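Please read these points with the structure open beside you.

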Amino acid sequence: MVNQVMHHPFQCIASLEQGDGHFLLAACGAELLVYSIAGRVIASKWCSGTADSIAETSNGHANGSEERPAKKQKTENKKTLPASRIISIRVSPDQSHVVVVTEDKVVHVLDVSGVGDLTELSQRAMPKRPCAVRILPDSTNILIGDKFGDVYSLPLIVSESKDQPAQAEAQEVERTAEPALFKPSATPLTVHTKRNLRALESQKKQKIVTPRKEPLAFEHKLLLGHVSMLTDMAHATRDVDGKTRRYILTADRDEHIRVSRGPPQSHVIEGYCLAHTDFVSKICLIPGSDLLVSGGGNDWLGVWDWPRCELLAKVDLRKAISHLSSNVDEKIAVSGMWTVPVAAQTDRWALCVACEKLPALVFIDCSALGDGSPTDTAVTVFKTGEAPVLDVNYYGANAGCTLLALDDRRSDGCRVRAVQVNGTVDDGETGSKLTISEVDTLGEPLMQLSASTGTVEDNTALDSFLYTTANLRKRGGWDDENEA
């Protein structure tokens with residue numbers, strides 16, 4: 001019996017518009033594909049393991065440095081490491097740059113040409129693994145939230161003139177700092193037995209060096225921090241007293257949603273949105289309103305008036321998907337939330353909600369969220385066969401074409417599908433309603449893309465990479481089920 005070839009799914013997707021050209025960015029493992037939708041060809045490819053020398057330069061360790069020859073050896077060793085898988089893709093609002101984050105905690109900034117060619121501009125290694133990335137509306141700065149709970153601000157384009165003082169300072173600190181020797185916390189006054197005294201004397205004689213935390217050798221600002229694991233982040237603007245004020249909204253594993261002011265006042269906390277009793281994994285701002293939707297380990301989605309930190313409604317998510325699962329006690333883990341446009345209707349949006357390992361996508365009419373819990377007609381469940389949804393994006397606001405990245409590993413499967421969200425207006429009797437239809441014109445090119453590079457050798461390892469949301473639950477994640 002011949003083993004069937006399994007395809008690696010596209011774990012992240014994004015759309016890009018350059019003039020009249022529409023491109024789909026699809027991450028397959030460590031490789032990023034730029035697919036021209038009109039031309040039906042892969043315009044270019046980029047792999048995270050092809051420019052390691054730039055990472056050393058961007059972090060202040062130049063390859064040609066004569067002062068630090070030891071770093072040369074580190075660079076050479078780094079080139080032998082395998083490419084790191086992509087965990088996030090963000091396109092700048094001006095559609096000219098792409099920010100890619102990889103598993104090795106490196107933030108890559110790529111320049112995009114008019115024909116879809118990618119040129120890597122910089123690499124910056126973060127101290128902890130980034131879990132949330134946002135590019136500010138002016139396309140000048142990146143907000144990076146990491147799993148340690150910190151949020152940093154980095155310039156999108158690295159300025160060598162500004163980074164040189166930071167690099168020089170970091171190198172000077174590293175050169176002059178004395179290694180910290182290990183000092184036992186116990187003393188002869190607190191240790192009484194002969195055996196423990198001998199162990200204490202042995203520890204004193206050992207010259208154990210405490211690892212020293214080196215400063216980041218590139219321009220950055222630490223904006224705020226959580227005492228818990230940060231899970232998601234959003235950036236919002238709002239007019240207050242005739243002035244535009246920026247805000248940073250963050251969620252963490254300990255059921256908190258924090259509303260902070262944007263830089264330079266990010267240390268000011270405006271309030272907390274508190275109602276969840278389990279982890280909050282995703283938050284999503286509704287365009288054109290002050291509404292925020294949150295989801296995580298609870299059976300419901302929270303609809304918030306975020307400036308007032310007030311819970312307006314709860315959307316029963318379990319009720320919406322109850323017909324999809326035979327196990328009514330199976331716990332929910334919201335793995336993604338996105339807003340996509342409703343076709344042919346200006347400023348009307350739909351909220352997409354994906355639950356981990358669930359082969360369906362929940363669509364909610366955003367116009368029904370502000371008046372309390374949406375009616376059953378405003379909630380539509382779109383089944384995706386047997387393939388769970390990994391990521392969602394859209395292109396062409398008027399056409400309202402929504403792209404779904406699916407975990408379809410079959411050799412003849414479709415890893416990306418295109419649908420259109422259509423909506424009817426509330427007539428006072430039936431309420432607003434959403435319908436989802438396939439986009440036939442994109443069927444062939446997306447099937448062509450699905451047949452491109454990327455195969456799977458270890459399904460278990462791939463599952464542990466793709467499905468991590470349920471593990472935020474303090475008890476009963478996927479890892480606990482596998483151990484059982």
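1. Two strands pair if DSSP finds at least two bridges between them. The model discussed here is predicted. In it, strand β16 (residues 243–252) and strand β17 (residues 257–261) are paired in the antiparallel sense, over five bridges. In this part of the model, Y247 stands opposite R261 in β17.

2. β16 and β17 belong to an open sheet of four strands, in the order β15-β16-β17-β18, and the pairing is antiparallel. The edges are formed by β15 (230–240) and β18 (269–272); each has a single partner strand, so one side of each is left without a neighbour in the sheet. On average, neighbouring strands of this sheet are turned by 20° against each other, direction ignored.

3. The next residue to check is T384, in the loop between β26 (379–383) and β27 (389–395). Its relative accessible area is 3%; buried means under 20%, so T384 counts as buried. A polar atom of the T384 side chain lies 3.4 Å from the backbone nitrogen of A360. Leaving aside neighbours within four places in sequence, T384 is in contact with P359, A360, V389, L404, L406 and R417.

4. I42 is placed in strand β4 (residues 41–47). With 32% relative accessibility, I42 counts as partly exposed. Neighbours within four places in sequence aside, I42 has contacts with L33, V34, Y35 and S452. G116 is 74 residues from I42 along the chain, and the C-alpha atoms of the two are separated by 9.0 Å.

Definitions and conventions: Residues are numbered from 1 along each chain as its sequence is written. This is a predicted model: local features need pLDDT of at least 70, side-chain atom pairs count only at pLDDT 80 or more; totals for chains, interfaces and linings use all residues. Side-chain values use heavy atoms; hydrogens and water are left out. Helices (H or I, at least four residues) and strands (E, at least two) are DSSP runs, numbered from the N terminus. Axes are lines fitted to C-alpha atoms, for helices over the stretch in contact, and angles run from 0 to 180 degrees between N-to-C directions. Buried means under 20% relative accessible area, exposed over 50%, partly exposed in between (1.4 Å probe, protein chains only). A polar contact is a pair of N or O atoms within 3.5 Å; within protein, one must be able to donate a hydrogen and the other to accept it, and residues adjacent in sequence count only if both atoms are side-chain atoms. Contact means heavy atoms within 4.5 Å.
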